[in-house]
Amino acid sequence: MGVGNLKQLTPFVKEAFQQTLFVAKFLCGIHVTNSYICTFALTQGPSMLPTFNLTGDLVLAERLSTRFQKMQRGDVVLMRSPENPRKIVIKRLTGMGGDTVKYVAAHGNNDKQDTIVVPDGHVWIEGDNKFNTNDSRKFGPVPYGLVQGRVFWTVWPPEDFGSVGREVQ
């Protein structure tokens with residue numbers, strides 16, 4: 001390869017390097033945003049009816065509230081399942097550490113209620129569809145560290161586009 005050919009390749013190599021660097025920065029930005037600021041999630045199943053559709057909603061969850069311990073009762077949260085850590089679930093936060101929570105103990109029987117004090121560093125979560133959900137009534141208080149974010153916006157379907165409100169307890 002001659003000197004002339006090398007001079008012709010130099011601008012091409014510089015341009016390719018700059019474009020590669022731009023793409024790498026862009027991907028790093030997406031990773032940081034997804035890991036530390038906010039993320040998309042897909043809801044599926046009956047446990048959060050009527051808040052979310054049975055066939056699935058695309059929601060946006062912010063991660064800052066969990067990092068700064070700003071979660072509140074009534075928030076819809078994105079969290080790792082205590083039964084299967086590979087699975088992400090969406091439930092409503094109904095109790096924080098130190099809270100006394102009264103809950104329906106037997107699925108299908110509103111008359112039988114139990115009470116529990118949520119240990120410090122834990123949360124109590126329940127699905128909105130009280131009779132068709134796996135939640136703290138089954139597996140008990142959940143470590144706060146499993147909470148991944150607070151769901152705040154429904155993106156899809158278009159007719160449900162808007163904020164996901166906090167249910168006042």
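Which residue in β8 is the bridge partner of His122? That one is picked up in point 3, after a quick look at the whole chain.

1. **The overall layout.** A word of caution to start: this is a predicted model. The protein chain has three helices and ten strands. If you walk along the sequence, the elements come in the order α-β-β-α-β-β-β-β-β-α-β-β-β. Of the 169 residues in the protein chain, 35% are buried.

2. Helix α1 covers residues 3-37, and Phe22 is part of it. Is Phe22 buried or exposed? Its relative accessibility is 56%, and exposed means over 50%, so Phe22 counts as exposed.

3. **Strand β7 and its partners.** Have a look at β7, residues 122-126, where four of the five residues are buried. The strand is mostly covered, in other words. With β4 (residues 88-96), β7 pairs in the antiparallel sense, and four bridges join the two. One detail of that pairing is Met96, whose bridge partner in β7 is Val123. Strand β8, residues 142-143, also runs antiparallel to β7, and two bridges join them. Here is the reply to the opening question: in β8, His122 has Pro143 as its bridge partner.

4. **The annotated active site.** The UniProt record, an unreviewed entry, puts the annotation "active site" on Ser47 and Lys91. As for Ser47 itself, you will find it in the loop between β1 (38-42) and β2 (58-62). Its relative accessibility is 12%, and buried means under 20%, so Ser47 counts as buried.

5. **A residue at 40%.** Ile88 sits in strand β4. How does its accessibility come out? The relative accessible area of Ile88 is 40%, which makes the residue partly exposed. From Ile88 to Leu42 there are 46 residues in sequence, while their C-alpha atoms are 9.5 Å apart in space.

6. How many salt bridges does the structure hold? There are six of them. In one, the side chains of Arg150 and Glu62 meet at 2.9 Å, N to O. This pair links distant parts of the chain, since Arg150 is in strand β9 (residues 147-156) and Glu62 is in strand β2, 88 residues apart. Glu62 is buried, and its relative accessible area is 11%.

7. **A salt bridge between loops.** Asp99 and Arg73 also form a salt bridge through their side chains, at 2.5 Å, N to O. Which parts does this pair tie together? Asp99 belongs to the loop between β4 and β5 (100-106), and Arg73 to the loop between α2 (64-67) and β3 (76-80), so the pair ties together parts that are 26 residues apart in sequence. On the side of cover, Asp99 has 16% relative accessibility and counts as buried. Arg73, with a relative accessible area of 38%, is partly exposed.

8. **A salt bridge with two buried ends.** The side chains of Asp135 and Arg137 meet in a salt bridge too, at 3.0 Å, N to O. Is Asp135 buried or exposed? Asp135 has 0% relative accessibility and so counts as buried. Arg137 counts as buried as well, at 13% relative accessibility.

9. Val164 lies in the segment after β10 (162-163). With 11% relative accessibility, Val164 counts as buried. How many residues apart in sequence are Val164 and Ala61? The separation is 103 residues in sequence, and in space it is 9.9 Å, C-alpha to C-alpha.

How values were computed: Residues numbered from 1 in each chain as written. Predicted model: local features only at pLDDT ≥ 70, side-chain atom pairs only at ≥ 80, totals over all residues. Heavy atoms only, no water. Buried < 20%, exposed > 50% of the residue type's maximum accessible area, 1.4 Å probe, protein only. Pairing = 2+ DSSP bridges. UniProt positions renumbered as here; feature names shortened; annotations may be inferred. Salt bridge = Lys/Arg side-chain N within 4 Å of Asp/Glu carboxyl O.
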